[in-house]
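This report goes through selected features of one protein chain. Please look over the sequence and the model before reading on.

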Amino acid sequence: MITHWWLADLPPISGILRTVFYTGLLALCVLDHPSPLHAARIIGRTEPALYTPVGLLKVLGVRWVPPRVLTVVTRLTVAAWVAAAVGFAQPVSAVLVLLGFAFLHAVNAGALGSNHSTHSALYALFCLCFSRTPAFSLDGFLAAHVSGWPVLPGGHSVLQSGFAPRLLLVFVVYIMFAGGVAKLTNGGLAWLDGRALHFYLRQSAPSARAPWLARLVTERPALCRWLARATVVVELSAPLALVNPVLRLPAVLLWCGLHLGILLLMMPAYWVQMWCYTLLIGWGSLEGVLTGRPAPLPAGSTSAWEHGPGGRALVAIGLLCSLACVVVLLRQSEQWPLTSVPMYSNGAPAAEQPLPDIGELKRLAVQAENGRPGAWRRPWVAEEPLEEVLVRPADGGEAVPLFQLMVQQAQQGRVVRFARWSQYVKAVRSVAITDVAAKPAHRPQADPTASPDHPATAFLRTLVPVLRSAVPEPARYAGLELVCRTTSGPLVIGRVPLDGDHPNHPNDLIEPAQAATSEKELS
């Protein structure tokens with residue numbers, strides 16, 4: 001029963017669908033930004049001090065990949081992509097596409113914050129490694145016209161079953177379901193009252209692709225409330241597409257409606273994920289009309305695959321992938337290549353989200369390090385970060401957020417290599433958590449006498465040359481500070497000078513007048 005569900009419940013991917021899907025996905029990944037195929041450009045614009053390599057790359061000893069290497073990998077990946085699209089050297093070409101795209105995707109992930117718009121493409125390319133379609137392929141043409149042309153694998157291979165679309169369905173159902181779980185886990189039932197969604201839509205209004213629609217929605221809090229509830233219902237009902245074939249197409253249409261709403265009202269664009277849904281729809285009848293041939297028999301027309309070692313191996317792979325998704329969901333992990341889809345899941349507007357007491361910073365940091373990332377607030381828009389790097393002017397004036405200062409330099413025409421905002425806040429948050437977790441609970445403040453440097457201080461030292469090279473008059477600035485927002489005001493947990501001498505501060509809490517300014521600047 002379980003073997004039949006994995007291998008024969010969905011029709012296999014046809015040759016025409018394979019060609020159309022690969023071609024369309026390649027076009028979208030070239031046109032869409034940010035995409036793994038643009039990794040060389042993205043990494044070239046990212047400051048190494050703010051780059052956070054994914055766990056797998058760190059295990060392999062890869063901390064940074066030069067853009068020129070990424071350019072070569074991209075070109076090789078595109079060449080393999082074209083081969084896979086025309087059905088040449090299947091499934092070897094599909095594996096090569098996956099390896100190239102996965103490498104670029106992993107490298108990109110360390111520069112994009114929590115972006116997950118192309119995770120579905122990664123999963124789709126993984127699934128296509130378990131699909132082979134002799135029809136409408138260069139392999140089939142060469143085998144028919146060139147004597148002795150090798151075609152791997154031959155015969156009625158299990159790779160001609162419906163396993164690939166089934167596994168992809170499991171992955172996309174997980175993505176949708178995890179989004180709903182994250183909203184209720186991180187935001188609680190408060191997410192359903194629509195205030196959080198209203199806040200995120202209001203913050204995203206400058207990036208809305210349909211400003212008139214964004215105004216229409218944000219001016220009606222009751223509509224936001226119903227949209228929030230509908231979003232969670234659509235996401236949490238996604239597993240129904242796995243158990244009831246009749247609900248599969250309606251579910252796909254609802255998911256596309258959700259993605260289109262996000263596309264019109266917010267910054268993220270899920271064109272790639274919507275394209276991946278094409279592999280989940282039965283196109284057999286349409287292909288029969290277009291080609292003049294009867295639709296191919298569904299995978300269930302034969303049970304040979306279900307009893308062979310190949311079929312059992314694919315079922316084992318499918319079960320392992322499902323188990324991995326469950327573990328990631330339970331742990332709310334963000335370890336590449338999986339994600340718990342936590343974006344925009346805080347349960348209240350930033351002004352209503354409670355600030356931590358200084359005394360509980362240590363506990364929250366330790367929890368965040370030990371598998372509860374939501375214990376330390378995760379920011380999705382500019383008003384939400386608990387932490388910020390401030391630039392302290394030499395004349396004692398108001399501190400300026402480092403990111404804001406770097407943006408100003410770029411707007412003035414200077415060449416600045418820094419990081420995307422989402423990656424910047426991710427890196428600063430990670431450093432703040434590591435720093436506070438490493439210090440005594442009663443003393444999370446900056447300690448200039450510590451040896452070796454605490455994580456926040458060490459991090460700030462790597463940013464000093466970045467700042468000095470970006471601003472025209474470095475002497476105007478005294479130093480950098482990493483602060484955490486608390487109920488007692490912004491707390492300095494790390495401080496370094498720009499000139500090598502530690503500035504003299506009477507305490508590590510920003511003075512009240514400066515605190516008000518800093519709170520405003522942090523938003």
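Leaving aside its neighbours within four places in sequence, which residues is T133 in contact with?

## Basis of the model

This is a predicted model, in which local features need pLDDT of at least 70 and side-chain atom pairs count only at pLDDT 80 or more, while totals for chains, interfaces and linings use all residues. Residues are numbered from 1 along each chain as its sequence is written, and side-chain values use heavy atoms, with hydrogens and water left out.

## Overview

The chain contains 23 helices and four strands. Helices (H or I, at least four residues) and strands (E, at least two) are DSSP runs, numbered from the N terminus. Of the 523 residues, 53% count as buried. Buried means under 20% relative accessible area, exposed means over 50%, and partly exposed is in between, with a 1.4 Å probe and protein chains only.

Contact means heavy atoms within 4.5 Å. Among contacts between residues at least 6 apart in sequence, 76% join residues at least 24 apart.

## T133 and its contacts

T133 lies in the loop between α7 (119-128) and α8 (138-145). With a relative accessible area of 7%, T133 is buried. Apart from its neighbours within four places in sequence, T133 is in contact with I13, S14, G15, R18 and Q90.

One of these contacts, Q90, also takes part in a cis peptide bond, the one from Q90 to P91, with omega near -10°. P91 is in the loop between α5 (67-85) and α6 (92-109).

In helix α11 (residues 211-218), the residues L213, A214, V217 and T218 are buried. Viewed down the axis of α11, the buried residues fall within an arc of 125°, so they line one face of the helix. The arc is that of the directions from the helix axis to the C-beta atoms. These buried residues of α11 pack against α10 (195-204), α12 (221-236) and α14 (248-265).

The axes of α10 and α12 come within 8 Å and cross at roughly 105°. The two helices, α10 and α12, are therefore roughly perpendicular to each other. Axes are lines fitted to C-alpha atoms, for helices over the stretch in contact, and angles run from 0 to 180 degrees between N-to-C directions. Angles under 35 degrees count as roughly parallel, over 145 as roughly antiparallel, 65 to 115 as roughly perpendicular and the rest as oblique. On the α10 side, L197, H198 and L201 meet C224, L227 and A228 of α12.

L201 is 66 residues from M267 in sequence, with 9.6 Å between them in space, C-alpha to C-alpha. M267 is in the loop between α14 and α15 (271-276) and, at 51% relative accessibility, counts as exposed. Leaving aside neighbours within four places in sequence, M267 is in contact with S207 and R209.

## Aromatic rings

Rings of Phe, Tyr and Trp (its six-membered ring) pair if their centres lie within 6.5 Å; planes under 30 degrees apart count as stacked, over 60 as edge-to-face and the rest as tilted. By this rule the count comes to 16 aromatic pairs. In one of them, the rings of F403 and F418 have centres 6.1 Å apart and planes at 50°, so the pair is tilted. F403 lies in helix α20 (residues 402-411) and F418 in the loop between α20 and α21 (421-438), so this pair ties together parts 15 residues apart in sequence. F403 and F418 are both buried. F403 also forms a tilted aromatic pair with Y424, at 5.2 Å centre to centre and 35° between the planes. That pair links F403 in helix α20 to Y424 in helix α21, 21 residues apart. Y424 counts as buried at 1% relative accessibility.

W5, W6, Y123, F126, F130, F163 and F171 form one aromatic cluster. The charged end of R166 sits over the ring of W5, 3.9 Å from its centre. A charge sits over a ring if NZ of Lys or CZ of Arg is within 6 Å of the ring centre and within 35 degrees of the ring normal. R229 lies over the face of W226, at 5.0 Å from the ring centre.

## Backbone exceptions

Most residues other than glycine have a negative phi, and most peptide bonds are trans. The peptide bond from H33 to P34 is cis, with omega near -5°. Q332 is not a glycine, yet has a positive phi of about 50°. V341 also has a positive phi, near 55°. Both Q332 and V341 are found in the loop between α18 (309-331) and α19 (361-369). Q332 counts as buried at 8% relative accessibility, and V341 is buried with a relative accessible area of 9%.
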